[in-house]
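Please read the following walk through a protein model with the structure open beside the text. It goes from single residues to the packing of whole elements and back again.

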Amino acid sequence: MSFFCLLWIPLFYYFWISLSPEDTPRLYDFWALFLGSLTALASFFLSSLIEPGGFGFSRWLSAFIDIVCLPAIAPIFIGFLLSLTPLIPAGGSSANFALLWLIPVAVMRTITWGVRKDPLHLVLVPLLWTALVTGISLLLRLLRNRRRWVVFPALIGLILLPLAAATSYWAFFSQKFYLGLLFLILSLIPMGIRVTLVFLRNRRI
């Protein structure tokens, strides 16, 4: 399980860039790894922002902020903000940036979570991270479409996807297996759509 947490993000990253190879500026990759390393070190020394208690809302909120959603969503939006500055040249992929950011984070989480040998953290969380990164990047692309029938579902998806991911973690933690599995599948759907679309596009080429 520790190997899964350690290797899933980098292996998925190489799988992802093999599907859609892009000329990503080296400075783009540098900032992703650098900021991800700082985040990993901060998470090692700092305690959780939310103290979870029992199986209630505080546990779900802790999953959303400290464990599942914020670690995956933050690099997407920070990468976007940095792309508006001279620090990062234009042309990089938000999904690539976030996945590279998460590599050192996953390494540090493997160290801190490895003692517990808990599949919830070592397997489920890295899987949800990739689902959020690729799913949100797909929904953000759809927002560029000016058609309302595309934009409105994309906005709803941007709200529901993180909620589903945090709920999946909370349900598995609360030993509600079928509920956790349901929300895990819902969380993985956008990632499956994105990977399928990229694969079909490259196959036509």
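Thr 130 is found in helix 6, where helices (H or I, at least four residues) are DSSP runs numbered from the N terminus. The model is a predicted one, in which local features need pLDDT of at least 70 and side-chain atom pairs count only at pLDDT 80 or more, while totals for chains, interfaces and linings use all residues. Residues are numbered from 1 along each chain as its sequence is written, and side-chain values use heavy atoms, with hydrogens and water left out.

With a relative accessibility of 0%, Thr 130 counts as buried, since buried means under 20% relative accessible area, exposed over 50% and partly exposed in between (1.4 Å probe, protein chains only). When its neighbours within four places in sequence are left aside, Thr 130 is in contact with Trp 8, Ile 9, Phe 12, Leu 99 and Met 191, contact meaning heavy atoms within 4.5 Å.

Leu 128 also lies in helix 6, which spans residues 119-143, and Leu 128 is buried, with a relative accessible area of 0%. Apart from its neighbours within four places in sequence, Leu 128 is in contact with Val 68, Ala 165, Tyr 169, Leu 184 and Ser 187. Leu 128 and Ala 72 are 56 residues apart in sequence, and their C-alpha atoms are 8.6 Å apart in space.

A nonpolar core is a set of buried Ala, Val, Leu, Ile, Met, Phe, Trp, Tyr and Cys residues joined through side-chain atoms within 4.5 Å. The largest such core has 54 residues, of which Val 68, Phe 97, Trp 129, Leu 132 and Tyr 169 touch the most other members. The elements that give two or more residues to this core are helix 1 (2-19), helix 2 (26-45), helix 3, helix 4, helix 5 (94-113), helix 6, helix 7 and helix 8 (177-204), and helix 5 gives the most, with twelve residues. Val 68 itself, leaving aside neighbours within four places in sequence, is in contact with Ala 63, Val 125, Leu 128, Trp 129, Leu 132, Ala 165, Ala 166 and Tyr 169.

How do the helices pack? Two packed helices are described by the angle between their axes and the distance between the axes. Here axes are lines fitted to C-alpha atoms, for helices over the stretch in contact, and angles run from 0 to 180 degrees between N-to-C directions. Helix 6 and helix 7 have axes 9 Å apart and pack at an angle of about 175°. The two helices, helix 6 and helix 7, are therefore roughly antiparallel to each other, given that angles under 35 degrees count as roughly parallel, over 145 as roughly antiparallel, 65 to 115 as roughly perpendicular and the rest as oblique. The residues of the contact of helix 6 with helix 7 comprise 22 nonpolar, four polar and no charged, where Ala, Val, Leu, Ile, Met, Phe, Trp, Tyr, Cys and Pro count as nonpolar, Asp, Glu, Lys and Arg as charged, and the others, Gly among them, as polar.

Helix 7 (residues 148-173) also meets helix 3 (residues 57-67), their axes coming within 9 Å and crossing at roughly 125°, which makes helix 3 oblique to helix 7. On the side of helix 3 the contact is made by Arg 59, Trp 60, Ala 63, Phe 64 and Ile 67, and on the side of helix 7 by residues including Pro 162, Tyr 169 and Phe 173. By class, this contact of helix 3 with helix 7 has ten nonpolar, one polar and one charged residues.

Helix 3 packs against helix 4 (residues 69-83) as well, at an angle of about 35° and with the axes 4 Å apart. Within helix 3 lies Ser 62, which counts as buried at 4% relative accessibility. Not counting residues up to four places away in sequence, Ser 62 touches Ile 50, Pro 52 and Ile 67.

The loops complete the picture. Leu 49 lies in the loop between helix 2 and helix 3 and is exposed, with a relative accessible area of 65%. Beyond its neighbours within four places in sequence, Leu 49 is in contact with Ile 65 and Asp 66. In the loop between helix 7 and helix 8 is Gln 175, which at 71% relative accessibility counts as exposed. Gln 175 has a positive phi of about 65° although it is not a glycine, whereas most residues other than glycine have a negative phi.
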